[in-house]
Amino acid sequence: KLSKRLQMIADRVPVGSKVADIGSDHALLPTYLAQQGIIVAAVAGEVNPGPFEAAQRQVLESGLSKIIQVRSGDGLAVIEPGEVNVITIAGMGGSLMASILEAGKSKLVGVGQLILQPNVGEEHVRRWLLHNGWKLDSETILEEDGKIYEVLTASLAGSEEIGALGMLYKERSLPDGVHVSSERLQQMGPYLINEAPEVWFIKWESELKKLAMIVDQLKLSTAEASIAKAEQVSQEIREIKEVLACLQ
Ligand code: SAM
């Protein structure tokens, strides 16, 4: 049985897909997808030897070697252009994820869908999608074992959609006049801010605590740069609090 987090990702993979799961670790996701008959082929990519071997073992022991190929390599280097139509990347930071997508742009030929689960720094992923012609289709947030995860899905924008991608992050005013910047929407999620689910509030309350700790640390220094940074983070805290307060 998959974890709730991986299940959420699996549920978003269209039937009949050819998937590349990048940073696959034990290849649990492609194994499940193949066992359920959801995918017709998969590449499980891993850059580190330990997880690569674990993935190989898993696929061999599950008797799925005809469907899942385990390959060793960095990011999208493990796939050929046109080989897959869906890419899943889960369980790593958003900035690493964005750099994997950026470095592997030429491998995205034929890929129509991305299913991404950054552990932190979701804004890096949203920004990359926005600037590279990918339409953010959905955002889901879930809690499992005391951790909170976001799952983002995106599809390749058609030529008529490209010009309007930024609309999703257009600064807006919330019901009682609170202003939300484009940057804040990229950080907090343009759909999540609309839906404002309970778990999302819990996540941002905890992020606020982390930001407050950063401010406390910065305030220990009298360096000009630290003072300026503390003021910047304090402003960010005020803005996030305003958003949360008006949606609660
Ligand atoms: N995707 C699985 C999941 O969500 O349960 C495993 C997540 S695990 C925390 C992250 C994996 O990404 C590690 O096994 C790590 O070796 C792999 N990884 C990190 N950077 C990578 C890269 N540039 N290319 C491929 N794999 C990478």
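Axes here are lines fitted to C-alpha atoms, for helices over the stretch in contact, and angles run from 0 to 180 degrees between N-to-C directions. On that basis, helix α5 (residues 122–131) runs at about 5° to β7 and lies across β5, β6 and β7. The model is predicted. It contains an open sheet of 7 strands with mixed pairing, and 17 residues surround a ligand.

**Sheet**
- The strand order is β3-β2-β1-β4-β5-β7-β6.
- At the edges stand β3 (68–72) and β6 (134–144), each of which pairs on one side only.
- From one strand to the next, the twist averages 15°.

**Pairing of β5 and β7**
- Strand β5 (residues 113–118) and strand β7 (residues 147–156) run antiparallel and are joined by 4 bridges.
- Across this pair, Leu-114 stands opposite Ala-154 in β7.

**Helices across the sheet**
- Helix α3 (residues 49–61) lies across β2 (39–46) and β3, and its direction is at about 165° to β3.
- Helix α5 lies across three strands, β5, β6 and β7, with an angle of about 5° to β7.

**Ligand shell**
- Of the 17 residues that surround the ligand, the closest are Gly-23, Asp-25, Pro-51, Ala-90 and Gly-91.
- Two or more residues of the shell come from each of β2, β4 (86–92) and α4 (94–103).
- The element that gives the most to the shell is β4, with 3 residues.
- By class, the shell is made up of 8 nonpolar, 6 polar and 3 charged residues.

Definitions and conventions:
Residues numbered from 1 in each chain as written. Predicted model: local features only at pLDDT ≥ 70, side-chain atom pairs only at ≥ 80, totals over all residues. Pairing = 2+ DSSP bridges. Contact = placed C-beta atoms within 7 Å. Near = placed C-beta within 6 Å. Nonpolar A, V, L, I, M, F, W, Y, C, P; charged D, E, K, R; others polar.
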